[in-house]
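Subject: Structure for you to look at

Hello,

Here is the structure I said I would pass on. Please open it first, then read the notes below it.

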Amino acid sequence: MSKESTNSYDVDIRDMRVKYKNRNETFTEEDLVSKEPIGQFKAWFEEACKTPEIFEPNAVLLGTATKDGLPSVRPVLLRGYSVEGFKFYTNYGSRKSKELEENPNAGMTFYWGPLHRVIRIEGTVEKTSAEDSDEYFNSRPFKNQIGSMISNQSTTIANREILLAKEKELLDQYTEENIKRPDWWGGYIIKPKSVEFWQGQSNRLHDRILFRRPMPGESIDNIFVHTGENGWVYERLSP
C-alpha cells in the first residue's frame, strides 16, 4: 500500500465532543430513588422508555469472554428483569453461548445517549428454565419463531438464499398452532454482582454511583461505602 493511501486512513477526530449535563443536573446519592440497583434501574429504564429519541431502550451490549479471557461484545435485547437478574434469549449454539458455557461471567452496558446515561452490569450467567424459555418463545410473533429456528447462529453460510430457502421450508412445515421451541434455543439470566449508574457531565466530572455486593468482612463506613438495601452497598467512583 502506498504512503498516500495509508495516510488517507489517518483521521483526526480529537475535537468531536458532545455537550452532556450541566452543573445543575448532577446525579448525586440524594437522587437515588432506591438504595438497591434493581429499583434504580427500573427508574432509569422507565425514563428511557418514555424518551422518544431512544428507539430501543432495551437494546444492550453484552460482553462475554472465552476461558482464556478473549472478549467479544454484541447487541442483544433485554427481555425481562427482576431482583433475580436480567434476561435475554438466544441460540445455545451461538458464539456467545459457547463462551458462557466455558466462562459464565458477563457484562451488559446500556447506552442512552439522549439522556447522557449509561448503566453497566457485571455478574454471573445461568440458563433460565425450560418453562421460562417456552413461555417467552410462545409469546413471540410466528415469523420471529421461525427466524429463531432457521439460523445455526454464528456459523458460516454461502449466501442469503440459503436462509430464505430454509425459511420457506419451515413455513411450509409449521403453523402457529404446532410450532414448538427448539431445545437449542432459550434464555439466560445475568445475576448481577455490580451495577454502575453513569451520568455524563459537560465538564467531564461525570457522576458514577456503583452498587456492589460487600466483600467478606468488609467494614462499611458510610462515608466512602454506604449501606444499601437487600444486601447491597453503594459508593461513588471518580470519573
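**Histidine 116 and its surroundings**

Leaving out neighbours within four places in sequence, histidine 116 is in contact with Lys19, Tyr20, Lys21, Trp198, Gln199 and Gly200. Bear in mind that this is a predicted model. Histidine 116 sits in the loop between β5 and β6. Is histidine 116 buried or exposed? Its relative accessible area is 18%, and buried means under 20%, so histidine 116 counts as buried.

**The nonpolar cores**

The largest nonpolar core has 32 residues. Which of them touch the most other members? They are Phe41, Met108, Trp112 and Ile119. At least two residues of this core come from each of α2 (37–49), β1 (59–65), β4 (85–91), β5 (105–112), β6 (117–127), β7 (185–199) and β8 (207–212). The most is given by α2, with 5 residues.

Not counting residues up to four places away in sequence, methionine 108 touches Val60, Leu61, Leu62, Leu78, Phe86, Phe88, Ile119, Arg120, Ile121 and Ile190.

There is also a second, separate core of 10 residues, and among them are Met149, Leu170, Ile179 and Trp185.

**The annotated domain**

An unreviewed UniProt entry carries the annotation "domain: Pyridoxamine 5'-phosphate oxidase N-terminal" for residues 55–166. In the model, this span is 30% helix and 38% strand, and the C-alpha atoms at the ends of residues 55–166 lie 30 Å apart.

Regards

Methods
Residues are numbered from 1 along each chain as its sequence is written. This is a predicted model: local features need pLDDT of at least 70, side-chain atom pairs count only at pLDDT 80 or more; totals for chains, interfaces and linings use all residues. Side-chain values use heavy atoms; hydrogens and water are left out. UniProt positions are given in the numbering used here, feature names are shortened, and annotations may be inferred rather than shown by experiment. Helices (H or I, at least four residues) and strands (E, at least two) are DSSP runs, numbered from the N terminus. A nonpolar core is a set of buried Ala, Val, Leu, Ile, Met, Phe, Trp, Tyr and Cys residues joined through side-chain atoms within 4.5 Å. Buried means under 20% relative accessible area, exposed over 50%, partly exposed in between (1.4 Å probe, protein chains only). Contact means heavy atoms within 4.5 Å.
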